[in-house]
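User: I have a new model open and would like to go through it piece by piece. Can you help me read it?
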Amino acid sequence: MESPPAPPTDPRLAGPNLRDRAGVRYSDLPVRRLLNRCDSKRMPDCWTINPYRGCVFGCRYCYARYTHEFLGFDDPADFERHIFVKLGAPQALEAESSQARLRRRPIAIGTATDPYQPAEAQYLLTRQILEILSRYRGLEISIITKSALITRDIDLLQKIAARSTLQVFVSLITVDKELARILDPGAPTPERRVQTLSTLVKAGIPAGVNALPILPGINDGEASLRKLFAAAARANAGWISVGPLFLASASRKSFLRWLKGAMPEQLPRYRRLFAKGMDVDPRWRERLDARVGRIRAQFGLPSGPLRPLDRDSAEQLALPGVVGAEMRQAS
Ligand code: SF4
């Protein structure tokens with residue numbers, strides 16, 4: 001396994017905002033290419049863009065912890081306390097982007113980090129990336145975030161939405177403030193996220209809720225899901241996507257270790273439901289789908305944005321391969 005990268009040397013990494021966040025270290029991660037091509041069952045043919053690596057929001061279920069394992073970090077907590085900043089991201093994107101290349105497949109921003117985590121207030125990398133993308137027409141762009149900071153960029157989002165297809169997913173898996181603090185300890189409160197969603201919608205940005213992951217025995221109750229749908233409806237969300245937890249190798253290790261300490265009574269259930277691998281037992285998934293289907297029918301909220309070519313169709317179609325539902329579990 002590689003050694004972790006060297007400590008930060010770039011003076012831009014020592015700004016006052018970030019020093020104030022106790023216990024978090026920031027390092028530059030040199031980047032030659034920012035567009036990462038993904039083509040897998042979980043992540044159909046798309047470009048992904050992640051301006052940071054690691055995320056201070058520290059969601060217990062975050063599947064993206066594997067990205068730190070690649071860097072040689074063994075402790076899953078390093079994902080939220082050692083953030084890598086791709087200072088050269090805008091320059092890399094400038095060098096590798098062209099209209100033809102960007103149009104080739106959908107672009108998903110924030111699949112393995114939150115692109116609007118606190119570091120963005122200082123580095124403006126996501127904003128610079130959006131500035132570049134806003135020059136093009138006919139792209140398909142999705143952004144996934146839990147942060148209110150995205151509203152800073154409404155001017156750019158409006159420009160992009162006028163020229164390309166844009167979909168913003170605000171991640172929210174419960175409206176219970178206490179439960180959210182336990183599951184997403186560093187992230188904005190549910191109330192703040194609902195406000196963010198509402199602000200985006202009022203500004204004309206196509207936006208909906210990303211309710212992934214639903215965790216067996218934790219946020220999957222009928223009443224809990226109903227409150228989530230009600231909050232989305234109040235904010236005039238365009239959609240609410242719902243899907244179960246999946247536990248890839250790095251997240252499985254850290255999530256089950258956390259569960260054992262925080263909710264030990266749940267551990268046997270998780271061992272049983274995830275006995276065959278990273279996907280939940282299909283019988284549990286069927287029950288979840290049935291429950292969500294009933295609630296969805298009551299609120300009349302679709303499960304995802306319509307395809308660009310199907311906007312006038314009454315039929316709701318799945319997201320056109322921007323990112324698979326499970327991948328939206330990150331951010
Ligand atoms: S799930 Fe998203 S917001 Fe939470 S730690 Fe992972 S990347 Fe950050």
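User: Which residue in S8 stands opposite Ile-144?
Analyst: Phe-169 in S8 stands opposite Ile-144. Before going on, this is a predicted model, where local features need pLDDT of at least 70, side-chain atom pairs count only at pLDDT 80 or more, and totals for chains, interfaces and linings use all residues. Residues are numbered from 1 along each chain as its sequence is written.

User: In which sense do S7 and S8 pair?
Analyst: Strand S7 (residues 140-145) and strand S8 (residues 165-171) pair in the parallel sense, over six bridges. Two strands pair if DSSP finds at least two bridges between them. Ser-142 stands opposite Gln-167 in S8.

User: How does the chain get from S7 to S8?
Analyst: The chain goes through helix H8 (residues 154-163), and this β-α-β crossover is right-handed. With the strands pointing away from the viewer, that word applies if the path from the first strand over the helix to the second runs clockwise.

User: What about the other neighbour, S9?
Analyst: Strand S9 (residues 207-214) runs parallel to S8, and four bridges join the two. Val-209 in S9 is the bridge partner of Val-170.

User: Is S8 mostly covered or exposed?
Analyst: Mostly covered: seven of its seven residues are buried. A residue is buried if 20 or more other C-beta atoms lie within 10 Å of its own, exposed if 12 or fewer, and partly exposed in between, with C-beta atoms placed from the backbone.

User: Which residues are on which side?
Analyst: Thr-165, Gln-167, Phe-169 and Ser-171 are on one side of S8, and Leu-166, Val-168 and Val-170 are on the other. In a regular strand the side chains alternate between the two faces of the sheet.

User: What is the strand order in the sheet?
Analyst: The order is S2-S3-S6-S7-S8-S9-S10, an open sheet of seven strands with mixed pairing. Strand S2 (36-38) and strand S10 (240-244) are the edge strands, each pairing on one side only.

User: Now the helices. How do H4 and H7 sit against each other?
Analyst: The axes of helix H4 (residues 89-96) and helix H7 (residues 125-133) come within 9 Å and cross at roughly 20 degrees. Axes are lines fitted to C-alpha atoms, for helices over the stretch in contact, and angles run from 0 to 180 degrees between N-to-C directions.
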